[in-house]
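This briefing covers helix packing, domains, the ligand shell and local backbone geometry. Please read it alongside the sequence and the structure.

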Amino acid sequence: MTVSSLKQRSRAVVIGSGLGGLAVALRLQGQGYDVTVLEQQPAPGGRAARLRSDGFTWDSGPSLITMPWVLEEAFAAGGLDLHSEVTLRRLDPLYRLRWAGEERALDFFSDADALRSEIARFDERDARALDGFLAALKPIYEEGLLAAGQRAFPSARSFAGLVPSMVRLRAVMPLHAFVSRHFRHPRVREAFSFHSLFIGGDPYRVPAIYGALVYLQLLDGGWYADGGVYSLVEAMARPLDVRCDSRVETIETGSGRVRGVWLEGGERITADVVVSNADVLRTHELLGRRAPRRRLRPTMSAFLLYLGCDQRFDELLHHTLLVGRGYRDFIRDVTRGRGLPSTFSTYVHAPARTETAMATDGGDSLAVLMPVPNLRADVDWPRVADGLRNALVNDMETTFGLSGLDASVRVEHRMTPPDFASRFGAVDGNAFAVEPTLHQSAYFRAPNRVPGVRGLFHVGGGTHPGAGIPGVLMGAGVTAGLIAEDAEVRV
Ligand SMILES: Cc1cc2nc3c(=O)[nH]c(=O)nc-3n(C[C@H](O)[C@H](O)[C@H](O)COP(=O)(O)OP(=O)(O)OC[C@H]3O[C@@H](n4cnc5c(N)ncnc54)[C@H](O)[C@@H]3O)c2cc1C
């Protein structure tokens, strides 16, 4: 029997239609599998959802696109041409960082000379250190993020091979400490280390391998997709059989291999391969097993406001970070679940200055993301959410000069940690899956191939290499590669 004839008869089920789920489905369809994607929500996309009301459009989850070639590859693997499907625009500067009570801002340009000039306004010596910093990140990006992010780590031995080079490159030391070896100004240190927050990692604790996130922004730029990130979801879902409002309750196994899934309502779908894009911390529940002894820790959560405003705020770029006082304590409070922070640091997405159709009548459609502790912290969200919203909007007005913000709001939505739990089944309402620490990365993360159940795999933010749009798309490549490997062995 040939591999292709075997694959044509093989059926794959993907549980969940997040970007990782859609990407693995495209790859498996491209490999000849008959693929069904089962999504519990009424629409595909998972965290990459779209909100629309009263003429305003918001990406409710991810908004900043990096590593566009990873998207190109993911699309091509499913027979799609990214650039025929979606219009991508490069943003330069990619974002602005502003600090509470300070006039100086830092615009992150992708041109090294322009970026150096930005740094020089804080510290001349730090500006001269930029080249050395980027030279230190280059091998971390190439050997760490890029090479390691595109292969599986099925054994401790496979991981051990990576350790010596990462130690030599200082990629295992905490990111902020790594950055501080190159830059001395506190603001410059913050500006070049905050990126791990985008995938739920504390810059003071994640390994410096995540410093590669800065490097790749300079290398490949940062991008916007017309219509928002949801345009990617729509394009990926179009050629697939995605069944929404279909919650998988159980993964059926027998004789050591996967047999299919059972849906809420009692329908059974048989499959040779099942890929779970659901929260990896729930895989044991779907299998009807006890929780594993080693529990991975989920990330912090997020409090999100989606504001449709009747005026545009010129203080904001397309992407702006508003860094509050006591930034380090803020990060500690939210990542270690110590309760609600007393100061606010936020990320604001304001796409209408790139694509006017995202807001109505010259207004702004702002998505304001504040990291907050996950549900392990003792916070009564229904009780505190209104007060937090008012304090946050007030802080944006008074501390960051967005005067008139509250009065300009015509329509508003929000998302809180309990929403992450109820909509996506996110354990403890995590926003970014499993925390990216050294002890929860690569071999120590939930494996792409689930051990002990042949034909069962993971994809998405909780498995290797991790969260973020490029992370889950690269992970889909790793998972699809393992599935292809197993099919070859079976023939
Ligand atoms: C607010 C926010 C902002 C972000 N910003 C960025 C950014 O700017 N850039 C970036 O690169 N990344 C960003 N990220 C990270 C990125 O969005 C995620 O890592 C990525 O989208 C997660 O994809 P995933 O494949 O893990 O699937 P998820 O989005 O987690 O989707 C999983 C899907 O599985 C479904 N599901 C779960 N259980 C079941 C079940 N039993 N049956 C059926 N379906 C089920 C869920 O409903 C969900 O649709 C952001 C994340 C958040 C939350």
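In helix H6, Leu134, Leu137, Lys138, Ile140, Tyr141, Gly144 and Leu145 meet Ala212, Val214, Tyr215, Leu216 and Leu218 of helix H11. This is a predicted model, in which local features need pLDDT of at least 70, side-chain atom pairs count only at pLDDT 80 or more, and totals for chains, interfaces and linings use all residues. Residues are numbered from 1 along each chain as its sequence is written.

**Packing of H6 and H11**

- The residues of this contact divide into ten nonpolar, one polar and one charged. Here Ala, Val, Leu, Ile, Met, Phe, Trp, Tyr, Cys and Pro count as nonpolar, Asp, Glu, Lys and Arg as charged, and the others, Gly among them, as polar.
- Two residues are in contact if their C-beta atoms, placed from the backbone, lie within 7 Å.
- H6 spans residues 124-149 and H11 spans residues 212-220; their axes come within 9 Å and cross at roughly 100 degrees. Axes are lines fitted to C-alpha atoms, for helices over the stretch in contact, and angles run from 0 to 180 degrees between N-to-C directions.
- H6 and H11 are therefore roughly perpendicular to each other. Angles of 65 to 115 degrees count as roughly perpendicular, those under 35 as roughly parallel, those over 145 as roughly antiparallel, and the rest as oblique.
- Helices (H or I, at least four residues) and strands (E, at least two) are DSSP runs, numbered from the N terminus.

- With 22 other C-beta atoms within 10 Å, Gly149 is buried. A residue is buried if 20 or more other C-beta atoms, placed from the backbone, lie within 10 Å of its own, exposed if 12 or fewer, and partly exposed in between.
- Leaving aside residues up to four places away in sequence, Gly149 touches Pro465 and Met474.
- Gly149 and His464 are 315 residues apart along the chain, and their C-alpha atoms are separated by 7.3 Å.
- The peptide bond from His464 to Pro465 is cis, with omega near 5 degrees. Pro465 sits in the loop between strand S20 (456-458) and H18.

**Domains**

- The protein chain is divided into domain 1 (3-48 + 66-79 + 228-294 + 434-490), domain 2 (111-219) and domain 3 (300-424). These bounds come from an automatic or database domain assignment.
- Between the C-alpha centres of domain 2 and domain 3 there are 27 Å.
- Seven residues of domain 2 are in contact with eight residues of domain 3. On the domain 2 side, the touching residues divide into four nonpolar, one polar and two charged.

**Ligand shell**

- The ligand is surrounded by 37 residues, the closest being Gly16, Gly18, Gly20, Gly46 and Gly460. A residue is near a molecule or strand if its C-beta atom, placed from the backbone, lies within 6 Å of it.
- By class, the shell holds 19 nonpolar, 15 polar and three charged residues.
- At least two shell residues come from each of helix H2 (19-30), strand S15 (301-309) and helix H18 (469-490). H2 gives the most, with three residues.
- The ligand lies between domain 1 and domain 3, because both give residues to the shell around it.

**Helices H3 and H14**

- In helix H3 (residues 68-77), the buried residues are Pro68, Val70, Leu71, Ala74, Phe75 and Ala77.
- In helix H14 (residues 327-335), the buried residues are Ile331, Asp333, Val334 and Thr335. Strand S18 (364-372) is included in what covers them.
- Gly337 follows H14 and has a positive phi, near 65 degrees.

**Other backbone geometry**

- Most residues other than glycine have a negative phi, and most peptide bonds are trans.
- Arg170, although not a glycine, has a positive phi of about 60 degrees. Arg170 lies in the loop between helix H8 (163-168) and H9, and is partly exposed, with 16 other C-beta atoms within 10 Å.
- Asp428 has a positive phi near 60 degrees. Asp428 is in the loop between helix H17 (417-424) and S20, and is buried, with 20 other C-beta atoms within 10 Å.
- The bond from Asp92 to Pro93 is cis, with omega near 5 degrees. Pro93 is found in the loop between strand S6 (88-91) and strand S7 (95-99).
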